[in-house]
Structure formats: C-alpha cells, structure tokens
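Have a look at the structure first, then follow the points below.

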Amino acid sequence: MAVVKADGYGHGALPCTRAVLAAGADCLGVGIVAEGVELRENGVQAPIQVLTGHFPNEIDDLIQHELTATVWNSSMAKDLANRAAECDRQVGVHVKVDTGMGRLGGTSDNLPALMEFIHHSKNLRAEGVFTHFSTADEEDSEFTTLQLERFQATLNKINQGEIPAPPAHCANSSALLRYPESHFSMVRPGLILYGALTSKNLEPALDKLLGSTAEKKLRPVMAWKTQILQINKISKGSPLSYGKKFITRRDSTIATLPVGYADGLNRALSGKMSVLIHGQRVSQVGTICMDLCMVDVTDLPQVRAGDEVVILGRQGSEAIAVEEMADHARTIPYEILCCVGKRVPRIYIP
Ligand SMILES: *Cc1c(COP(=O)(O)O)cnc(C)c1O
C-alpha cells in the first residue's frame, strides 16, 4: 500500500498516485474520505483505504465511491453494514487494532466479536486487520517490539476463533526499513516513497536494504525553488523585517524572495535556515513574513533579481535536505513537506 494522504505528503495526490501505481503499488492509503473521493473522481480505480476511519455522515461517500473502510468497533461496522444493505452493496473493511499508540483502534477484547460480525455480514468484506507503530523510527526498539507482540497476540486470538484472520499489516516506512518481522501481508510506506527519512536512526537500515552506493540512495522527490524578487543595499546597523529582530552587522546586500509562511516556510525558521543561490549557501535573515522573506547575499556580488533560489533540493554541488529544514524548524520532514502551501505550483518532471 502506497500512502498518498495529505495530498501525497504535499506533492500532489493524483500525480503521486499515478506514479506509485505505475511502479507496482497494489493499493492506496488516504487520511480522510474526501481524499479518496477526489482520487475516484479523477479516475483512480485501485483499492483505496481510508486509514483514519470516518464519521456516520461519510458512509454514503464511502459506499458510492467504493472506498475501503477502517472500523474499530461494532457500531461502526453495523452502521456501515446497514447502509450498504440499503444500497445493495458490499464494502471492504479493515479492522484497526490499538497496540499502544493510544490514538485509533479497538482493543483485543472487542475484536473477536467485531471480526465475527463482519464475517457474518454479507454487506461487509473483511480485507485486513492492522495496527500502527508509535516509535518505529526511534533507536530503542523496546516499544515497537511490544506493539508487535500485542498485534501478533491479537491475530492469534482471532485465529483461535471460527473465523480466519484477514491479511495483517502494520509497517510504516520506519518499520518497513527496520523490522522485517513486521511486514506480514502488506507494508504501508508513506514518507520514504517521497525520498525522505523519518530519522537518522534509519540510515543503517536503509543502507543495508539498498546497499550504500550513491545511485541507490533515496532521492528526494520534491525540490522547492523560487527566484530573487528584489535586491536592496542596506547600510550597517539597519533593522530588517517585522519586529526589527535582525539588525545588519555590516553594509549588506539583501535579496527579497517571494516566499513566506503562507507558502509553508514556517516562521520558526526565521534566522535559522539557508537557501542556495549560485550554488552557495546564504543565510535567511529577519522574520519570515506571510508572502516574503529576505536572505543576505552580501558575499555573492554577482546576484541579480530573477536569479534562481533553491529552498529545498540541489544547486551545483550543494543541497538542502528536508531533514535539515525540519531540524531548524524543530519539527519532522513530514510536516515540512505537507505544509508546502497550495499556492506553490507543483511542476512534475517524469
Ligand atoms: C501515515 C500512515 C502511514 C505511513 O507512515 P510513514 O511513516 O509516512 O511511512 C502508514 N499507516 C498509517 C495508518 C498511517 O496513518
């Protein structure tokens, strides 16, 4: 299963969906019903599971668009079965088990009854049972091992009943890389499909899987580029941007870029991030505004308005990785990628 939720982690759900299906994915994972509907309305026919469940008022959309449901208790299953019966349809369902994330899912106590209900409902089709890890990216494997044991115990419990357990799945990107014993019938990577790593802890596992030759590295799918909008000569001791947080320490050349927090350039990056211009790193200075930010190009005398600026990606021999930007913003690559603003045009290069 290729996870394409949150608009394909900010890359654009539809083009990413087409790419992963062409590359061999069997099915897709989305976050909410509306994301599944959007894919269907654009002609996607592969199975699409709504990983995070649904509200009762979304059941008609689920059924009408043949999306695969996630359920974790009997009342969800009953509502779904009743409506599917009224429409004379059958809905594929996956049962979510909470093994320690404390977020979504049933407990192993209520699952055998739920599985039984689904099995005996002719309007539901049990297609999977799954769980989600909370710490598969962390160095310490203790809790992931515990979650895996709980998941396995749940599967055993279901298997002891009359009804066979449906295919099991639990591996996100990190578990796919680090815990081969978590692969079961299917894996559900998201982030690594987009060429980013959850954490440095996964580098050894990735190297082991791919070999450490340069051409086999994960390649970031997204590059984020802009251009210099204006160049200003600003004398030493002058404040820049909102709140006068930055004062020039020398006579400076400052380039203004048409990118701000409304484009996903988190304000927490103010004064911490760099961009690439003419293949060189230059510092961002002053508070990042809604639509604009400034960079110090004093050491690059050749710069002109219109020159290319790389926010994420490669320019010459330098590169800025999403992992680096996430560190500066004290967040994770996921958030940086899926917060790139909708007004930033996505351009797809096959
Ligand atoms: C988002 C998500 C994934 C993918 O996680 P990554 O860490 O991006 O690989 C897998 N399963 C579920 C249930 C998810 O919500």
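The side chain of K5 has an N or O atom 2.6 Å from an oxygen atom of the ligand, in a model that is predicted. Such a polar contact is a pair of N or O atoms within 3.5 Å. In this predicted model, local features need pLDDT of at least 70 and side-chain atom pairs count only at pLDDT 80 or more, while totals for chains, interfaces and linings use all residues. Residues are numbered from 1 along each chain as its sequence is written, and side-chain values use heavy atoms, with hydrogens and water left out.

**Contacts with the ligand**
- Y334 places a polar side-chain atom 2.6 Å from an oxygen atom of the ligand.
- For H132, an N or O atom of the side chain is 3.5 Å from a nitrogen atom of the ligand.
- The protein covers 95% of the 390 Å² of accessible area that the ligand has on its own (Shrake-Rupley method, 1.4 Å probe).

**The shell**
- Residues around the ligand (a heavy atom within 4 Å) include V3, L51, N172, R188 and L191.
- By class, this shell has six nonpolar, four polar and two charged residues; Tyr counts as nonpolar and Gly as polar, with Asp, Glu, Lys and Arg as charged.

**The pocket**
- The ligand sits in the second largest pocket, with more than half of its atoms within 2 Å of the pocket's grid points.
- A pocket is an open set of points on a 1 Å grid over the protein atoms alone, where a 1.4 Å probe fits, with protein on both sides within 12 Å along at least five of seven lines; lining residues have an atom within 4 Å of a point.
- Of the 28 residues lining this second largest pocket, K5, Y9, H132, N172 and Y334 lie nearest its centre.

Conventions: Polar contact = N/O pair within 3.5 Å; in protein donor to acceptor, adjacent residues only side chain to side chain.
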